[in-house]
Structure formats: C-alpha cells, structure tokens
Amino acid sequence: MKAPIFFLFLSSFFSHIHSQTNPSDSCNSPLTLQTPVPFQTASLHCVPILFGSHNFILRYAQESTNVWNFLLSAPNTNAYIGIGFSPNGNMVGSSAVVGWVGSGGTSNLQKYYLGGQSPNLVTIEPSNQGLLVDNSSMVVQSNRVHIVFQLRSDSPSTRLIYAVGPAGRLPVGPRFQLAQHDDMISTVLNYATGQFQSHINPESSLRRSHGLLAMLGWAILMPIGAMVARYMRKWDPIWFYSHAIIQSLGFTLGLIGIICGLVLENRLSVTVNKHKGIGITILIFGCLQVIAVLARPDKTSKVRKYWNWYHFGVGRALIFLAAVNVFYGIHLGNGGSGWNAGFAVILTVFFLVSLVLELRRIFRK
C-alpha cells in the first residue's frame, strides 16, 4: 500500500513543478480571457519578454492599414506595469500605456508622456496627442494583468520599453503620478518576425562611467593618498611623490567622472541639483588643493603651519563630501543594496586601517 502512496506523491510533486515552470499564460498555449476584448487573440503574434525576475508576454497583430492590436500580459505584483513606444530607445521622449490594479481590485489604465526621469516630468498624455490609443482596457485574471489596446499608426515604433513600478507604490489620483520604475528593459522588435533584442542604451554606459570614475577618483584614491601622507612620512621623499601621484590620479579620474555626469544630465534632461552641487563643491576643493600645492611655502616659513591646517582641512572635507555624494549617487541611480554594501565595505576597510595606523602613531610618540 505504501508504493501507490509514494508514486502519488511523486506525481503530485512533478505536477507542481510542471505548473511552476509552464505557466498557463505562455506563448505555447492559446490565451483565453473571460472578459471580451475588441479583437481576436488567437491570431496574435506572441513574444515572451523576460527581464530580471519579470515574465512579460507581448501579443500583437496588424488589424488594418493603420490599426495595430496589442495585448501585454504580466504578473500582478501590486505594482504598475507599462509598455512604452520610444523614438530612440530611451525612456525620455517616449509615450507609454501604463496599468495597475488599485485597492479593492479596481483596474486603472493611463497613457503617459515620459518627459524626463523625475516623476514630475512624467505626465498624463492627452488622448489626441502622442500615441493614438483606442479601445484600451485591462483584464485581471489568474493573478495576471492583461493590458489591451489598439494603436492607430501605419508603423509603430520598433523600440519598445517595458517597466515595472515599485511594489506597493501605486499611482493615486487625480494626477496619477508614477513613482520611478523598479526595473525596465529597452528592446528592438521586428514586427514581421516577432524577434526582438535588448537595446543597448548609451546613457547606461555613461552613467556607469560617471559613477565608477567619481567613486574611484574622489572617494577611493583620495583617501589612500591622504593616508600615505599621514602615516608614511618616515619613508621620505617616497611618501611625498607617492602622495602627489595618487592625488593627481584621483583628481584626474574624478574630474573625468564629473564631466561624464554633466553630459549625462544634459542627455537625460534630469534635475539632480543636490548631487550636482555637492560634486561641483568637491571639484572646487580639489582645485584649491592643486593651487595650494603650487603655492606651498617652504618648511622654514612661519606660515607653513597655517598652510598645513588649510591643506589638511580642505582635504578631509573633500573626502567626506565624496563619500556622501557616492551614496547619494547610488540612490539616484537605483544602484541597489549591492553597490551600497560594496562601497560601505571599502570605507570600513579604510577606517580600520586608519585606526590601526593612528594608534601605532600615537603609541610610538
């Protein structure tokens, strides 16, 4: 009697695995909606869009010369989902159809113009502007959200953007302002074949370069150079040349990072006044340090003591502001906990090494 029970358990187990790996909503099975939609779904082209942990499915077909049918399906995760049509693959300048399920199971569907990355620049688009959308609706079924609409266009943009909002932060009327997306992907779709590929956004590499160069230059090399100057003076004049080389390299990389940030701000049309202001202050402090080195008085000069105070003070202020701005930049760029943890580990190592060297310096006196 035990064997049948065992095989029954195995059958139930593998059936559960099969249901998890082969969801009912897929391109391998026809879509059956309990709520009527304005077009037939059986003849739609089907494209699975997988990014991160998200399982989107886009179905589409050309209805007539200037009418296209679209149906976007995604898990209902208490977040908004959207599909954007972009002229160049960027979010900024795109028009998007966004839907979500509000409290009480109420469906909401809006059309937005993405004028910038700041939430206040993402506004509801008038029905007669941008995307010409007809017969739009939402169907919620089996914990899946289905956004249905028809697009009046001879040839829709091939550059499509998919986005998921942060869980639990749904738009609220009357403005229905969107919170910044939690995840997104930009793709290029061939409507004839149904093939798509991820679109490589040049701004993404520029953003990465800005962050890495600024972090390496201002927040990593500068503290290392300061530690060399404070704790390695017994190796004269090696400490001085090492300090000068490290700080010069840090200043150069940090300057390039700031330039990348200014170019990125211009391309994305974003407003990051606090981050930009702190960065410019850091750059000014760095320039003051360069000027101070060029105007460094002789060791026997009476003002050399005050010059040391100035040099040490400005340097410490620069390092502190750089650390703050790196964390703030990670927050603005949605870098996530991994980047925060990694940079925090670096700062912790710097602190512990400095503490050990400072204690050795004190007890040797």
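Colleague: Is Cys46 buried, partly exposed or exposed?
Modeller: In this predicted model, Cys46 has 28% relative accessibility, so it counts as partly exposed.

Colleague: And what about Cys27?
Modeller: Cys27 also counts as partly exposed, because its relative accessibility is 33%.

Colleague: How many disulfides does a search of the whole structure find?
Modeller: The search finds 1 disulfide. It joins Cys27 to Cys46, with an S to S distance of 2.0 Å.

Colleague: Which parts does that pair tie together?
Modeller: Cys27 lies in the loop between α1 (2-21) and β1 (45-51), whereas Cys46 is in strand β1, so the link ties together parts that are 19 residues apart in sequence.

Colleague: Is the link of Cys27 and Cys46 left-handed or right-handed?
Modeller: It is left-handed, with -80° about the S-S bond.

Colleague: What about Cys287?
Modeller: Cys287 is in no disulfide either, the nearest cysteine sulfur being that of Cys260, 17 Å away. With a relative accessible area of 33%, Cys287 is partly exposed.

Colleague: Changing topic: what volume does the second largest pocket have?
Modeller: The volume of the second largest pocket is about 1,200 Å³. It is lined by 42 residues, and those closest to its centre are Ala226, Ala229, His243, Gln247 and His311.

Colleague: Which helices each supply at least two residues of that lining?
Modeller: They are α2 (202-231), α3 (238-268), α4 (273-294), α5 (304-332) and α6 (337-363).

Colleague: Which of them gives the most to the lining?
Modeller: Helix α5 gives the most, with 11 residues.

Colleague: How does the lining of the second largest pocket divide by class?
Modeller: The lining has 23 nonpolar residues, alongside 10 polar and 9 charged ones.

Colleague: Now to Asn325: where is its place?
Modeller: Asn325 is located in helix α5.

Colleague: Is Asn325 buried or exposed?
Modeller: Asn325 counts as buried, because its relative accessibility is 8%, and the cut-off for buried is under 20%.

Colleague: Which side chain does a polar contact join to that of Asn325?
Modeller: The partner is the side chain of His275, and the polar contact is 3.0 Å.

Colleague: Which residues does Asn325 touch, not counting those up to four places away in sequence?
Modeller: With that exclusion, Asn325 touches Ile278, Gly279 and Ile282 as well as His275.

Conventions: Residues are numbered from 1 along each chain as its sequence is written. This is a predicted model: local features need pLDDT of at least 70, side-chain atom pairs count only at pLDDT 80 or more; totals for chains, interfaces and linings use all residues. Side-chain values use heavy atoms; hydrogens and water are left out. On a 1 Å grid over the protein atoms alone, a cavity is a set of points where a 1.4 Å probe fits but cannot get out, and a pocket is an open set with protein on both sides within 12 Å along at least five of seven lines; lining residues have an atom within 4 Å of a point. Grid points are joined across faces, edges and corners, and a volume is the space filled by probe spheres set on the points. Helices (H or I, at least four residues) and strands (E, at least two) are DSSP runs, numbered from the N terminus. Ala, Val, Leu, Ile, Met, Phe, Trp, Tyr, Cys and Pro count as nonpolar, Asp, Glu, Lys and Arg as charged, and the others, Gly among them, as polar. Buried means under 20% relative accessible area, exposed over 50%, partly exposed in between (1.4 Å probe, protein chains only). A polar contact is a pair of N or O atoms within 3.5 Å; within protein, one must be able to donate a hydrogen and the other to accept it, and residues adjacent in sequence count only if both atoms are side-chain atoms. Contact means heavy atoms within 4.5 Å. A disulfide is a pair of cysteine sulfur atoms within 2.5 Å.
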